[in-house]
Amino acid sequence: MEKSEIQSKVFEIVAGVCETTPDQINDNTTIGDFPQWDSVGQLTILSSVEEAFEINFEPEEMMEIEDVKDIVNAVEVKL
Amino acid sequence: MESIEEQLYQNSTASPDKIALISGEAQVSYNQLWDYCLIAAYNLKSKYNLQKGDRVILSAAGNIEFVYVYFGVHLAGGICVPIDPDTNETRFGYIAESTKPVCIMGALHKVECETIPFEDAISGTDKADFHLLDMGQVADILFTTGTTGAPKGVALSFRNLQAAALNINIFIQNTADDIELLALPVSHSFGLGRVRCVLSKGGTLVMLGTFANMKKFFGEMKRCNVTGFGMVPASWGFIKKMSGKYIAKFAGQLKYIEIGSSFMPTADKELLMELLPNTRICMHYGSTEASRSAFMEFHSSNNDLLTAGRTSPNCEIKIFSPEGKEVPLGTEGEICVKGDHVTCSYWNETPERFASDFYNGYFRTGDCAIMDERGYIYLKSRIKEMINVGGKKVAPMEVEDILNTIPGVKESACIGVPDSEGVFGEVVKAFIVADESVTDEEILNQLKPNLEVYKLPVAFKRIAEIPKTSSGKIQRLSLKK
């Protein structure tokens, strides 16, 4: 899968959880930028990403994820 | 007995350069903290005409400026009404109507109203004079999520706040050497209580504001050499899921953890004990009205992990029958609490109404339990019906009210059920009386625009009728069986 494809899918997931549109999301959007991206939001985003890309993150991998760029990179490594 | 503010003043004179607050790169000494609190008090009185007993709504964002203004309001003689920065319009409207604040400070994200930036309250160099506070006066009003949907304003006096902090610090064994990571929301009794506990003792508070960023959580723990933190059971579910056993790397430096009162699986307690063998892991039982009335330390109570612990220092707990009579040990009844930490009143309620919340001077918690001969408390049921999703409170009626407006849904009742994923503690389950023509998915889709994600039911069950009392009150607890 192309990186741009991963990116747009991740943007869509993050936007959905943050109750906004994908054009409001960029690589540097991070935990806390939207009130919805709290710990419950982080769990929802990561489990949605796992489901969408049919991958599984290890706890050590999830611990390192704090923004959209980290999610995209983590997915890329797994595919 | 000294107010928290007087203890802050003493810390600022005894150890003026000691670091009180850390937030990112910013460090604030006790001397600076005290000065900013007095500047805030001066501005509140001179710019905003705050008079003794006036209310100020504060957006409890968990930043350094919030701490200055929180104590500043007290020093100016005012009453703080801390609220979540994400409070919705309905709840805010109720709180504002009930407290009639002279001003609203800090940004509110979901409410359209005029607010004053915290920075305005701490500008300039003029400071208020410090006068000893009237310990019986109301200091804070904290609004709970009412089971009926209407929030209740719990009033806490300076004496209540001082007594709670003292009792907690005695049990946890906090000292001035402690460096605490604060990831809890300060709009709630637990998080705000941690601020008072640490600062009254002369310790250092590292303001993080959320558990959501695990990289930052552990990063700050390492950078600031953190010795303790507070969390709710759902936070541990999150930490565990996001970082596995990584916390064990800090076993040598973590002296204490305080855990809030909601259900925590025994396996989670045992795992924490295994990972942190030398840490005082203190789980409290309490409420906004009677903060931390009982405590249990996991390692020293390892055979009693299923209990809510024993009575906190300087508190008294008795179990009463529905007739208001004390019951013998081993008999089930309502947990009732006495002590200086127990709320002095509910805001806007008559003394007569408030008196009915007590049996013979003991505050009725609404929780049922048995106390054994060693004083351990076994919680049996919560008379209250609040649902606790990952530490966030959901009033069943809030969800039901919206469910009932959906075409095809005749009636509904919501309860909390254990989260099968083991992360959120509890999640919402909805029982509905509805037409077959409307699917669960359609109902959920109609709820989505009107409710925060954590309030959405994860399961629906269709039933023929909602169980009710003869007076028509929904019997939600019977649905749990």
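The centres of domain 1 and domain 2 of chain B, taken over C-alpha atoms, are 30 Å apart. Domain 1 covers 4-369 and domain 2 covers 387-479, with bounds from an automatic or database domain assignment. This is a predicted model, in which local features need pLDDT of at least 70, side-chain atom pairs count only at pLDDT 80 or more, and totals for chains, interfaces and linings use all residues. Residues are numbered from 1 along each chain as its sequence is written, and chains are lettered from A and ligands numbered from 1 in the order in which they are written.

- The contact takes 15 residues from domain 1 of chain B and 12 residues from domain 2 of chain B (C-beta atoms, placed from the backbone, within 7 Å).

**Nonpolar core**
- The largest nonpolar core has 170 residues (buried Ala, Val, Leu, Ile, Met, Phe, Trp, Tyr and Cys joined through C-beta atoms within 7 Å; buried means 20 or more other C-beta atoms within 10 Å of a residue's own).
- Helix 2 (residues 30-46) of chain B gives the largest share of this core, 11 residues (helices are DSSP runs of H or I, at least four residues, and strands of E, at least two, numbered from the N terminus).
- Both domain 1 and domain 2 of chain B give residues to this core, so it lies between them.
- Leaving aside neighbours within four places in sequence, B:C37 touches B:Y68, B:F71, B:G72 and B:L75.

**Sheet**
- Three strands of chain B form an open sheet in the order 23-24-25, with mixed pairing (strands pair if DSSP finds at least two bridges between them).
- Strand 23 and strand 24 (residues 426-434) of chain B run antiparallel, joined by nine bridges.

Note on methods. Two residues are in contact if their C-beta atoms, placed from the backbone, lie within 7 Å. A residue is buried if 20 or more other C-beta atoms lie within 10 Å of its own, exposed if 12 or fewer, and partly exposed in between; C-beta atoms are placed from the backbone.
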